[in-house]
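Keep the structure open while you go through them.

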Amino acid sequence: MPYPQLEFPFQINGGQYAPAAWSEIAGWSEDDHLAAYKAFRVSCRPISAQQKPPADPKALGTSLRDPCRIARGLELADGAKARAFFEEHFLPLRISRLGEGEGFVTGYYEPIVDGSRTENEVYKVPVYRRPSNLFVRGTTQSSAGLPNKGQVFRKIGRRKLVPYYDRAEIEDGAIADRGLEICWLKDQTDLLFSQIQGSARVSLDDGSTVRINYDAHNGYPYTPVGRILIERNIIPKDQMSMQKIREWMEQNPNEADELRRQNKSYIFFREVQLSDKDEAVGAQGVPLTPGRSIAVDKSLHVYGTPFFIEGELPIESERSKTPFRRLMIAQDTGSAIVGPARADLYFGAGLEAGKVSGRLRHNARFVILVPKSLDPAARGRKMPVPDERPSEKIAKLFPQTAPSKDPSREQKGIEKPSDVTAGTNIKPATTPAAGPSQAAAIQAAVAKPVPLPEPRPKVEAVSVKPHQRHLRRYRHRR
């Protein structure tokens with residue numbers, strides 16, 4: 001049926017959601033909404049400046065533009081007003097992976113490592129920028145940052161493309177001495193953790209600081225070294241953390257080389273112009289806010305989307321269950337962050353932030369804040385529904401049985417019964433020769449099939465003028 005053009009409720013691949021009331025969200029009223037509002041306004045800068053629709057359509061689309069334009073004009077300094085802003089312009093929806101009740105959270109931070117601009121006996125591990133012979137399918141080499149997913153190739157000659165070098169090949173010097181070194185670090189463990197986090201602050205031996213950020217990858221999937229240590233029964237799962245991994249690598253340097261190379265993924269960096277006081281920049285292109293920024297699956301979610309995350313996390317210590325109920329803003333992404341209710345919580349820079357983020361691998365409950373223009377309940381009320389099935393009484397009066405097409409009837413000379421109208425219950429006369437079974441078959445064949453009701457809404461199809469055929473006339477010359 002040519003239904004009218006209707007706005008369908010938005011869909012998130014692999015996810016399920018259900019409307020919730022603000023009063024039903026545990027910890028919502030106690031949160032610091034002003035801190036979340038400030039982080040949201042940071043995300044609104046690029047959102048408000050958007051002129052064209054996004055290249056890849058997502059569930060929220062461009063719906064954040066309206067609340068962002070309002071927020072850009074509101075300099076709020078009160079937590080109650082910030083809370084009122086979110087409640088006035090957003091709707092809360094509990095969201096999770098299809099068939100599951102909770103999501104999953106981890107943590108990340110910005111490492112601070114020692115380094116040098118020149119190679120020497122202490123600093124001999126290079127930090128590479130993106131090579132010129134690295135290509136990601138569907139992108140150009142001039143892009144500011146290449147995707148962290150997709151096929152990556154290395155060009156040989158003019159046309160031949162092969163997979164790029166893996167971690168072991170790069171560590172063995174496959175791209176050394178090409179002028180790609182940004183700086184040098186003390187050991188491979190510092191580089192590995194900087195690559196896992198996607199950024200780092202390098203404290204140089206001359207007293208200055210260089211900031212590096214993710215720029216490209218070599219195309220291999222990320223393999224968590226912590227998972228390998230668990231599978232080998234080296235570190236128990238309930239004790240796993242980044243601090244435990246670092247300690248084991250320092251105590252077992254030879255085994256650490258083999259373990260590290262199990263992760264074939266390798267990250268290339270670019271130098272960014274940030275001061276020591278500036279926070280790291282996320283994939284959205286805005287500075288991250290410790291305790292308020294999260295990395296999400298960018299194939300499903302839009303940067304700037306608010307998420308309220310609720311759970312019991314080991315914030316204060318490894319064994320603690322600190323209540324975590326906080327409104328977070330999606331401002332970053334990561335190759336390991338996959339799913340509708342999956343987030344990486346940003347805790348800032350330095351050793352303490354690393355300890356907290358390193359021990360987070362826990363379930364949590366997610367509430368996504370959706371702009372009111374996308375209210376799924378309001379859109380669902382306008383969707384057409386199937387017609388009700390006929391009642392049991394009507395179904396008995398008008399059975400939908402097709403007339404018998406048994407050719408043996410005609411051969412036996414059975415007369416065709418007369419039609420029965422809808423308003424009569426008179427049984428048709430049967431021939432004396434007809435037995436009980438034949439009479440029952442004739443009775444079933446008497447009633448005409450009653451047509452089902454027409455589907456609602458009944459919309460007249462748009463008439464289309466028939467295409468005029470143009471006939472060519474030919475003159476035949478004699």
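**Exercise 1.** At what angle do helix α1 and helix α3 pack, and how far apart are their axes?

*Solution.* This is a predicted model, where local features need pLDDT of at least 70, side-chain atom pairs count only at pLDDT 80 or more, and totals for chains, interfaces and linings use all residues. Residues are numbered from 1 along each chain as its sequence is written, and side-chain values use heavy atoms, with hydrogens and water left out.

Step 1: α1 (residues 33-48) and α3 (residues 79-89) meet at about 60°, their axes 7 Å apart. Helices here are DSSP runs of H or I with at least four residues.

Step 2: On α1, the contact (heavy atoms within 4.5 Å) uses H33, L34, A36, Y37 and F40; on α3 it uses G79, A82, R83, F85 and F86.

Step 3: Sorted by class, the α1 contact with α3 holds 7 nonpolar, 2 polar and 1 charged residues.

**Exercise 2.** Find which cysteines form a disulfide, and say which helices hold them.

*Solution.* Step 1: The sulfur atoms of C44 and C68 are 2.2 Å apart, and the two form a disulfide (cysteine sulfur atoms within 2.5 Å).

Step 1: The angle about the S-S bond is -75°, a left-handed link.

Step 2: C44 sits in α1 and C68 in α2 (residues 65-72), so the pair ties together parts 24 residues apart in sequence.

Step 3: C44 is buried at 0% relative accessible area (buried means under 20%, with a 1.4 Å probe and protein chains only). C68 also counts as buried, at 0%.

Note on methods
Axes are lines fitted to C-alpha atoms, for helices over the stretch in contact, and angles run from 0 to 180 degrees between N-to-C directions. Helices (H or I, at least four residues) and strands (E, at least two) are DSSP runs, numbered from the N terminus. Ala, Val, Leu, Ile, Met, Phe, Trp, Tyr, Cys and Pro count as nonpolar, Asp, Glu, Lys and Arg as charged, and the others, Gly among them, as polar. Buried means under 20% relative accessible area, exposed over 50%, partly exposed in between (1.4 Å probe, protein chains only).
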